[in-house]
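Dear colleague,

Please read the notes with the model open beside them.

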Amino acid sequence: MATKLSASVGKGGKNKPEDTKVVQELLNDFTKKGGFKRLDVDGLIGPKTIGAIKSFQQNVVGMKRGDGRVDPGGETMAALVKGPKTLEADGKKEEKQQQKK
């Protein structure tokens, strides 16, 4: 699976079909934790994909308000690429460090 974007995807993005498919595939790994339904990986940007991006940004990345856009090299893309298992492990490490303080 590809993990790089050539341009932004989502609200106000360039939304190239190949980039949109990458984001849709990565988002589908987070459906349970992200609070959205599985997306069709069709390369088309629409309200379901933008809604899933916003939910992911709020529920997984921790943004107060998701902007509905994934930028190459941005915070949302970095979290998507890490995958749910790595993000969960990172969260547990952070929790332990907080408890030690």
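Of the contacts in the protein with a separation of 6 or more, 45% are made by residues 24 or more positions apart, where contact means heavy atoms within 4.5 Å. Please bear in mind that this is a predicted model, in which local features need pLDDT of at least 70 and side-chain atom pairs count only at pLDDT 80 or more, while totals for chains, interfaces and linings use all residues. Residues are numbered from 1 along each chain as its sequence is written, and side-chain values use heavy atoms, with hydrogens and water left out.

The protein has four helices and two strands, which follow the pattern β-α-α-α-β-α along the sequence; helices (H or I, at least four residues) and strands (E, at least two) are DSSP runs, numbered from the N terminus. Of its 101 residues, 38% are buried, a term that stands for under 20% relative accessible area, with exposed meaning over 50% and partly exposed lying in between (1.4 Å probe, protein chains only). The accessible surface comes to about 6600 Å², and carbon and sulfur atoms hold 48% of that area; accessible areas come from the Shrake-Rupley method with a 1.4 Å probe, and for residues only the protein chains shown count as cover.

T49 sits in helix α3, which covers residues 47–61, and T49 counts as buried because its relative accessibility is 4%. Its side chain is joined to that of Q24 by a polar contact of 3.1 Å, that is, a pair of N or O atoms within 3.5 Å, of which, within protein, one must be able to donate a hydrogen and the other to accept it, residues adjacent in sequence counting only if both atoms are side-chain atoms. Apart from neighbours within four places in sequence, T49 is in contact with Q24, L27, L39 and L44.

L80 is buried because its relative accessible area is 1%, whereas E75, at 52%, is exposed. Residues up to four places away in sequence aside, L80 touches V23, L26, L27, F30, F56 and V70, and its C-alpha lies 9.6 Å from that of E25, although L80 and E25 are 55 residues apart in sequence. For E75, with neighbours within four places again left aside, the contacts are V61 and M63, and the C-alpha atoms of E75 and Q57, 18 residues apart along the chain, are separated by 9.0 Å.
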